[in-house]
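Please read the points below alongside the coordinates.

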Amino acid sequence: SIYEMFGNECCLSTGEVIKVIGFKINKLIASICENNEVSRFSAKVELPLNFPGLYKVVADKTPYVSIEEITRKVSIGPTRFGHPCFYSPEDIKLANITIKHGEQITFNSVEEVNGTMAVNCGVVRNNQSHSFTLPFSQEGKFYECEDDQIYTLKEIAEWKIPKCRNRIVKLSNTLHTWDSSNPLPENFDGCLILTPVYEVQAVMKFRKDIVHILSDLDVEVKDITDCYDISSFLQPLSLEDVFERTSKEFPMVAEIMEGPSGSQKPYNLLYTGKEIIIYKKYQATRVLASEIRSDSPKRHFLIPMSYKGKFKRRPREFPTAYDLEIARSEKEQLHVVATKAFDSPHKELFSVSVGDQFLVQQCQTSEVLYEGRKKLIDVLACEQILSDTYKKVLLPMYMEGGFVEVIHDKKQYQLSEICKEFRLPFNVKVSVRDLSIEEDVLAAVPGLQFEEEITDSYLLISSASSPVESWEIPVYRLNMSVHLLSKDGQTVVPPVTKTTVEEISEEQYYMVRRYENQTLHPPPRPPKKPT
């Protein structure tokens with residue numbers, strides 16, 4: 001049987017031994033969904049996994065009948081996607097805990113306990129986590145819990161479509177303007193039923209790459225697992241698999257079986273067949289930055305602390321008085337100009353005109369007369385700058401106006417100085433580009449907003465044949481497979497690490513912010529008008 005995929009012709013000869021290493025969704029067939037059923041008027045459309053947009057997963061109303069069925073059909077793993085949640089309509093009584101009906105059970109990992117396969121689970125009660133195991137043999141009805149997270153289509157395909165089931169998703173954010181090439185109706189914001197089309201991933205005895213075989217290929221095969229030495233095949237590893245190895249196993253030499261796409265260095269150097277040294281794994285800090293522009297789409301970047309360029313400040317914009325309070329610091333006084341007029345409903349508080357200038361002082365409370373009664377409200381104390389004097393004024397914290405910062409600071413800052421001395425978000429432009437980077441993409445951007453510091457997982461790698469420089473590659477944003485070579489890493493001390501500013505897509509931007517903000521409490525909302 002001969003077939004062609006991704007432009008590569010592959011021949012499966014009679015007697016060829018193939019080791020199947022996984023099943024992967026190749027594409028999705030989508031139908032518009034009404035009342036959890038395919039709409040009678042909906043045509044089926046084919047969606048590639050990189051189809052733009054963010055989606056919410058609709059909980060499957062069909063229950064699973066045992067823990068063993070869940071482990072067979074649902075992805076459970078160590079990454080942040082691999083912790084599905086279920087509930088039982090009946091109480092589950094275990095030796096040391098009783099799981100109440102309707103209580104959310106998080107499935108964390110699968111392991112063998114005293115010779116019995118089981119799932120490590122957890123429930124949260126009064127902000128306390130309680131761990132327990134459920135054996136595969138545990139029967140009952142288990143329903144998916146509602147999931148309020150948002151996902152890309154690729155993430156849903158990899159983690160959120162159970163085997164032998166479809167998945168209903170609701171479009172949360174289209175991210176891109178609609179055009180005629182979009183297979184979905186214009187302004188569509190409803191639900192889709194996704195039906196996966198699988199491919200088989202395999203390795204062959206005399207090939208060093210991963211072979212992709214469509215699941216509908218007409219070929220007969222026979223299972224010979226029990227009578228064949230499968231250790232003679234290459235073992236492909238994803239970057240996540242490599243990252244899960246213990247620190248003692250590094251450095252290691254690997255050969256790339258599938259390289260990432262992209263022309264940006266170092267991704268263009270990571271091609272199939274190239275040998276690399278992987279020195280270590282670690283968590284590293286990045287500053288998430290976005291291009292300042294009124295129209296979309298904006299460009300987004302992850303900037304390493306090793307970036308050697310310098311920045312000058314750019315004015316920040318503040319939509320409310322409450323934002324002025326958040327932004328003020330002890331280090332310097334915040335000077336702003338009003339860009340929007342505001343008429344105060346209270347004679348005790350100041351009415352703002354366009355062009356008024358203020359020095360922001362502090363938050364305090366003030367008594368105002370409201371419908372004949374005295375009421376205490378939060379206000380922002382400021383000094384209005386007049387031609388030859390200053391006037392103390394009070395602005396209501398709920399005031400929806402508009403202010404632009406006046407910058408007096410002409411100093412040039414390193415990235416680390418900004419993170420240390422100022423509160424993010426913070427607006428800048430590159431004043432001196434990083435000369436160690438061949439093409440500093442940040443230098444061409446007229447304005448940047450540093451949004452927040454994030455921590456992410458990286459591997460430090462270099463070329464095995466000429467280890468003159470090393471690069472940090474992101475574990476969770478790079479699709480790449482390697483297999484480990486038997487020889488040890490000869491260069492234990494990595495060469496100088498090249499600074500790489502990573503430009504990320506809008507979907508990746510939302511994902512990065514989502515992961516980072518999972519552990520943060522939402523910021524307090526600005527006060528409302530007194531009622």
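1. Two strands count as paired if DSSP finds at least two bridges between them, and strands (E, at least two residues) and helices (H or I, at least four) are DSSP runs numbered from the N terminus. This is a predicted model, in which local features need pLDDT of at least 70, side-chain atom pairs count only at pLDDT 80 or more, and totals for chains, interfaces and linings use all residues. Residues are numbered from 1 along each chain as its sequence is written, and side-chain values use heavy atoms, with hydrogens and water left out.

2. The chain as a whole holds 6 helices and 33 strands, and of its 531 residues 43% count as buried, that is, under 20% relative accessible area with a 1.4 Å probe, protein chains only.

3. As for confidence, pLDDT (the predictor's confidence in each residue, from 0 to 100) has a mean of 83 over the chain, with 89% of residues reaching 70 or more. Over residues 517–525 the pLDDT is below 50, and beyond near neighbours in sequence this stretch has 4 contacts in the model, a contact meaning heavy atoms within 4.5 Å. Where pLDDT is low, the predicted coordinates should not be read in detail.

Methods. Buried means under 20% relative accessible area, exposed over 50%, partly exposed in between (1.4 Å probe, protein chains only).
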